[in-house]
Amino acid sequence: MSKILIIGCGGVASVAIQKCAKKADVFSEICIASRTVSKCDALKEKLEGTTDAKITTAKVNADDVNDLISLIKKEQPKAVLNLALPYQDLTIMDACLVCGVDYIDTANYEAEDTEDPEWRAVYERRCAEKGFTAYFDYSWQWAYKERFEKAGITALLGSGFDPGVTSVFSAYALKHYFDEIHYIDIMDCNGGDHGYPFATNFNPEINLREVSANGSYWEDGHWVETKPMEIKREYDFAQVGKKDMYLLHHEEIESLAQNIPGIRRIRFFMTFGQSYLTHMKCLENVGMLRTDPVMFEGREIVPIQFLKALLPDPASLGPRTVGKTNIGCIFTGVKDGKEKSVYIYNVCDHQECYRELGSQAISYTTGVPAMIGAMLVMNGTWKKPGVFNVEEFDPDPFMEALNQYGLPWVVEENPVLVD
Ligand code: NDP
């Protein structure tokens, strides 16, 4: 019998939990925990009578290591799936270490208060050493490697779609199609329309911080940084059509640069419509994307958190969103001395996701691989002591599971390349 503790019950967690509940042979017990236990209870109620898995709920503040340790000791799960926010990665990893329990997440650590002087000093040093200014990077979590090895437990980092599936696509391409990969272009296209003038498809705070930051890419062994949205390309995506896409910094570039031998360049592009970009620029210009507290009528508020309260809840976009996502990677490299290119991608339909689980495709494409990563760790297929990114394991079982659990993929040889 295997119990999983899932922290968070937002858009992504809701998908992962529903998918885990359909795999009661692996996840015989599921404990759902967050600060607002009523939301966890609502999900439990929705699942009642539809699954053989035993579902329980609990209240936890994942910013507090002791609170997490008490919960893990009480629940005795085999693994903890962190689907809260990147701010809680380290506290949850600390608690897993104390309790000797495996850890899985979908996003790398990011500090909540980027004005904190202690964090800022480390950040400034990293910007100077590495050459990119994103607020998130893997150094914080990779620093746990030895401690996880000694404790004999696994941390699986970045088991969402990007990072996650895109990283597994890379390992799969290397294993089956190339002797050496030289170029990777990761392309995240959302052709969905939710009908609102402005909304984000996942947590607005995390999303807007990512998109308004400088872009960057990896080339010839170092980072090249760009201004936000400085590099724009157009691509004709299968089942979506032509879209403008912009180069962003993205976390899987950092781990793939280490784990794909011989790599020369890795870029990440995401599609945005002009209206989204204009709204975001305006919000940024008036200070609404600030992450530091400001005084308002005698109390402190953090502008981006206030903005989050005004924007539509991403979990509510499901019924309104129509269209498809197309996310994948174009690889160029050599096989048997010949240069070749291969494109591996998944197309996901917002309305089909809604019909199946009541959520839109962004939560779906993240929640399904989170369940798959947790399943592979829990059933021992991807279990070894230490801290790993998903591309460090054999990609085949993950790729098979994608086809089986709702994210089938396509391999296209000789695709149109991005210049
Ligand atoms: P939501 O904001 O919808 O959900 C976040 C959840 O975390 C809520 O249920 C919230 O519950 C819980 N939470 C927040 N703070 C705490 C805390 N201190 N203690 C306990 N629980 C907490 O986010 P999403 O579902 O959209 O995203 C979840 C994660 O997935 C994020 O880390 C995001 O970066 C990542 N992601 C990864 C992607 C990928 O492809 N790799 C793509 C999209 C998202 P409550 O308020 O009740 O505590």
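This is a predicted model: local features need pLDDT of at least 70, side-chain atom pairs count only at pLDDT 80 or more; totals for chains, interfaces and linings use all residues.
In soluble globular proteins, nonpolar side chains tend to be buried together.

What does F27 touch, not counting residues up to four places away in sequence? The list is S2, I4, C20, A53, M371, A374, M375 and M378.

## Packing of α3 and α4

Two packed helices are described by the angle between their axes and the distance between the axes. For helix α3 (residues 65-75) and helix α4 (residues 89-99), the angle is about 45° and the axes are 9 Å apart. That angle makes α3 oblique to α4, as angles under 35 degrees would count as roughly parallel and those from 65 to 115 as roughly perpendicular. The crossing of the two helices is right-handed.

On the α3 side, the residues that meet α4 are V65, L68, I69, I72 and K73. Their counterparts in α4 are T91, I92, D94, A95, C96, V98 and C99. By class, this contact has 9 nonpolar, 1 polar and 2 charged residues.

## Burial of α4

Helix α4 is largely enclosed by the rest of the structure, because 8 of its 11 residues are buried. The buried residues are D89, L90, T91, I92, M93, A95, C96 and L97. Just after the helix, G100 takes a positive phi of about 65°.

## Packing of α8 and α15

The axes of α8 and helix α15 (residues 396-404) cross at roughly 120° and come within 9 Å of each other. The two helices are therefore oblique to each other. The crossing of α8 past α15 is left-handed.

Which residues of α8 meet α15? They are V165, V168, F169, Y172, K175 and H176, and the α15 residues they meet are D396, F398, M399 and L402. By class, the contact of α8 with α15 has 7 nonpolar, 1 polar and 2 charged residues.

## Backbone exceptions

Most residues other than glycine have a negative phi, and most peptide bonds are trans. The peptide bond that joins D162 and P163 is cis, with omega about 10°. P163 lies in the loop between β6 (154-157) and α8 (165-176).

Q239, a residue other than glycine, has a positive phi, near 65°. Q239 sits in the loop between β10 (232-237) and β11 (241-247) and is exposed, with a relative accessible area of 55%. D336 also has a positive phi, near 50°. The loop that holds D336 lies between β15 (324-335) and β16 (338-349). Is D336 buried or exposed? D336 is exposed, at a relative accessible area of 64%.

T325 is found in strand β15. At 1% relative accessibility, T325 counts as buried, because the cut-off for buried is under 20%. Leaving aside neighbours within four places in sequence, T325 is in contact with C189, N190, G191, N346, V347, C348, H350, A361, I362 and T365.

N203 belongs to the loop between β7 (180-190) and α9 (204-211). Despite its place in a loop, N203 counts as buried, at 16% relative accessibility. Not counting residues up to four places away in sequence, N203 touches L85, K308 and P314. N203 and L85 are 118 residues apart along the chain, and their C-alpha atoms are separated by 8.5 Å.

Definitions and conventions: Residues are numbered from 1 along each chain as its sequence is written. Side-chain values use heavy atoms; hydrogens and water are left out. Axes are lines fitted to C-alpha atoms, for helices over the stretch in contact, and angles run from 0 to 180 degrees between N-to-C directions. Helices (H or I, at least four residues) and strands (E, at least two) are DSSP runs, numbered from the N terminus. Angles under 35 degrees count as roughly parallel, over 145 as roughly antiparallel, 65 to 115 as roughly perpendicular and the rest as oblique. A crossing is left-handed if the near helix is turned anticlockwise from the far one by less than a right angle, and right-handed if clockwise. Contact means heavy atoms within 4.5 Å. Ala, Val, Leu, Ile, Met, Phe, Trp, Tyr, Cys and Pro count as nonpolar, Asp, Glu, Lys and Arg as charged, and the others, Gly among them, as polar. Buried means under 20% relative accessible area, exposed over 50%, partly exposed in between (1.4 Å probe, protein chains only).
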